[in-house]
Amino acid sequence: MKFLIVLAALVAVALAQANDETIRYDVDNIGVDGYKFAYETSGGIKHEESAVVNNLGTENEAISVKGSYSFVADDGQTYTVNFVADENGYQPEGAHLPKSE
């Protein structure tokens with residue numbers, strides 16, 4: 001349940017920081033076993049994310065999150081980051097991000 005509170009806070013902060021209007025906000029399947037949400041602003045910010053809780057109710061319980069976000073930078077380009085966040089940490093991928101070797 002703690003992760004849902006954190007999720008709600010993060011979404012609220014992200015939306016509050018944008019000077020744009022929210023033009024889409026979808027929330028589905030929020031429960032103890034995971035969540036799914038998406039939003040988009042008039043300024044070109046998009047964020048989609050879903051999560052599942054693995055091993056629910058055990059001492060090995062862990063959340064696995066997958067998603068993507070994109071934004072229009074000051075240079076006018078749209079940058080997209082796809083990510084996974086799980087027991088292996090936050091793992092972002094994007095054409096503009098350096099690749100580890």
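Strand β4 and strand β5 (residues 78-86) run antiparallel and are joined by 8 bridges, where strands are DSSP runs of E with at least two residues, numbered from the N terminus, and two strands count as paired if DSSP finds at least two bridges between them. The structure described here is a predicted model, in which local features need pLDDT of at least 70 and side-chain atom pairs count only at pLDDT 80 or more, while totals for chains, interfaces and linings use all residues. Residues are numbered from 1 along each chain as its sequence is written, and side-chain values use heavy atoms, with hydrogens and water left out.

## The sheet

The protein chain holds 1 helix and 6 strands, a helix being a DSSP run of H or I with at least four residues. Read from the N terminus, the elements follow the order α-β-β-β-β-β-β. The 6 strands form an open sheet in the order β1-β2-β3-β4-β5-β6, with antiparallel pairing. Because β1 and β6 (89-93) stand at the edges with a single partner strand each, one side of each is left without a neighbour in the sheet. Neighbouring strands of this sheet are turned against each other by 10° on average, direction ignored; the axes behind this angle are lines fitted to C-alpha atoms, and angles run from 0 to 180 degrees between N-to-C directions.

Tyr-69 lies in strand β4 (residues 62-72), and its bridge partner in β5 is Val-81. With a relative accessible area of 28%, Tyr-69 is partly exposed, a class that lies between buried (under 20%) and exposed (over 50%), for a 1.4 Å probe and protein chains only. Leaving out residues up to four places away in sequence, Tyr-69 touches Lys-46, His-47, Tyr-79, Thr-80, Val-81, Phe-83 and Tyr-90, contact meaning heavy atoms within 4.5 Å. Tyr-69 and Tyr-79 are separated by 10 residues in sequence and by 8.3 Å in space, C-alpha to C-alpha.

Phe-83 stands opposite Pro-92 in β6. Beyond its neighbours within four places in sequence, Phe-83 has contacts that include His-47, Val-65, Tyr-69 and Tyr-90.

## The nonpolar core

The largest nonpolar core consists of 6 residues, namely Tyr-35, Phe-37, Tyr-39, Ala-51, Val-65 and Phe-83. The largest share of this core, 3 residues, comes from β2. Such a core is a set of buried Ala, Val, Leu, Ile, Met, Phe, Trp, Tyr and Cys residues joined through side-chain atoms within 4.5 Å. In soluble globular proteins, nonpolar side chains tend to be buried together.

A search of the whole structure finds 3 salt bridges, each defined as a side-chain nitrogen of Lys or Arg within 4 Å of a carboxyl oxygen of Asp or Glu.

| Salt bridge | N to O distance |
|---|---|
| Asp-26 and Arg-24 | 3.1 Å |
| Glu-48 and Arg-24 | 3.3 Å |
| Glu-40 and Arg-24 | 3.7 Å |

The pair of Glu-40 in strand β2 (residues 34-41) and Arg-24 in strand β1 (residues 22-31) links distant parts of the chain, 16 residues apart. The pair of Glu-48 in strand β3 (residues 46-54) and Arg-24 in strand β1 likewise links distant parts, 24 residues apart. Arg-24, Asp-26, Glu-40 and Glu-48 are linked in a network of salt bridges.

## The chain as a whole

Of the 101 residues of the protein chain, 23% count as buried. The chain exposes about 7000 Å², of which carbon and sulfur atoms supply 51%, with areas taken from the Shrake-Rupley method and a 1.4 Å probe. Among contacts between residues at least 6 apart in sequence, 20% join residues at least 24 apart.
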